[in-house]
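These are my notebook entries on a single protein chain. I record what I looked up, entry by entry.

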Amino acid sequence: MTDTKSFPDDLLQLQERLHRAHAEHRAYLAALPWSVEPCAGWTRGERFSHRGDVPDSPGWSDQQKETVAQMRAEIRELSIAVVDHPHWATIARENVVAARMRLKKQARPSVPIQAIAA
């Protein structure tokens, strides 16, 4: 068994790319209309809403839907690459979850992701 505190550079890079892909995806979704399909909004009195009045949503354009699909595909591929990395075979089964959590913390980008996405 290898030291669970050290990770291969390629695995660290994959995990950092996964962190960034998740952040970019969240930022992109936050800028889109609240409904994928066109949908009428409502006033706070008509339905419960912690946000107050909800405006009509024009829905997402075909380009926006395609961009979201591409981002999800990238996240899926990066997730698979991280999980299937050969390094995990060198970690005792009972230590894999703890090692995975350390990887996530260790590979967090040093520059705030929000600053990159802006």
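**Entry 1. Overall fold.** I read the elements from the N terminus on, and they run α-α-α-α. The protein has 4 helices and 0 strands. I note at the outset that this is a predicted model.

I then looked up the totals for the protein. Of its 118 residues, 31% count as buried. The accessible surface comes to about 8100 Å², and carbon and sulfur atoms hold 55% of that surface. Among contacts between residues at least 6 apart, 70% join residues at least 24 apart.

**Entry 2. Helix H1.** I examined the span of H1. This helix has 23 residues, and from its first C-alpha to its last it reaches 33 Å. That span is close to the 33 Å expected at 1.5 Å a residue.

Which residues of H1 are buried? I found Leu11, Leu12, Leu14, Gln15, Leu18, His19, Ala21, Ala23 and His25. The list includes Gln15, His19 and His25 as well as leucines and alanines.

**Entry 3. The nonpolar core.** I recalled the general expectation first: in soluble globular proteins, nonpolar side chains tend to be buried together. In this model the largest nonpolar core has 14 residues. Phe7, Leu11, Val82, Trp88 and Leu103 have the most contacts inside this core. Helix H1 (9–31), helix H2 (62–83) and helix H3 (96–106) are the elements that give two or more residues to the core. H1 gives the most, with 5 residues.

**Entry 4. His85.** Is His85 buried or exposed? I find that His85 is buried, because its relative accessible area is 10%, below the 20% cut-off. This histidine has its place in the loop between H2 and H3. Its partners, not counting residues up to four places away in sequence, are Pro8, Asp10, Leu11 and Leu14.

**Entry 5. Salt bridges.** I took the general point that side chains of opposite charge can pair when their charged atoms come close. How many salt bridges does a search of the whole structure find? It finds 2.

Glu16 and Arg20 are separated by about one helical turn, because they stand 4 residues apart in helix H1. Glu16 is partly exposed, with a relative accessible area of 28%.

Glu37 forms a salt bridge with Lys65, and the closest N and O atoms are 3.2 Å apart. This pair links distant parts of the chain, with Glu37 in the loop between H1 and H2 and Lys65 in helix H2, 28 residues apart. Both residues are partly exposed: Glu37 has a relative accessible area of 45%, and Lys65 has one of 28%.

**Entry 6. Aromatic pairs.** I counted 2 aromatic pairs. One of them brings together Trp34 and Trp42, whose ring centres are 5.5 Å apart and whose planes stand at 75°, so the pair is edge-to-face. I looked up the exposure of each ring's residue. Trp34 is partly exposed, with a relative accessible area of 33%, whereas Trp42 is buried, with 16%.

Entry 7. Ser79 lies in helix H2 and is partly exposed, with a relative accessible area of 25%. Its C-alpha is 9.9 Å from that of His19, although Ser79 and His19 are 60 residues apart in sequence.

Gln70 also lies in helix H2. Gln70 is partly exposed, with a relative accessible area of 47%. Gln70 and His25 are 45 residues apart in sequence, with 9.8 Å between their C-alpha atoms.

Definitions and conventions. Residues numbered from 1 in each chain as written. Predicted model: local features only at pLDDT ≥ 70, side-chain atom pairs only at ≥ 80, totals over all residues. Heavy atoms only, no water. Core = buried A, V, L, I, M, F, W, Y, C linked by side-chain atoms within 4.5 Å. Buried < 20%, exposed > 50% of the residue type's maximum accessible area, 1.4 Å probe, protein only. Expected span 1.5 Å × (residues − 1). Salt bridge = Lys/Arg side-chain N within 4 Å of Asp/Glu carboxyl O. Phe/Tyr/Trp six-rings, centres within 6.5 Å; stacked < 30°, edge-to-face > 60°. Contact = heavy atoms within 4.5 Å. Areas by Shrake-Rupley, 256 points an atom, 1.4 Å probe, with all protein chains shown as cover.
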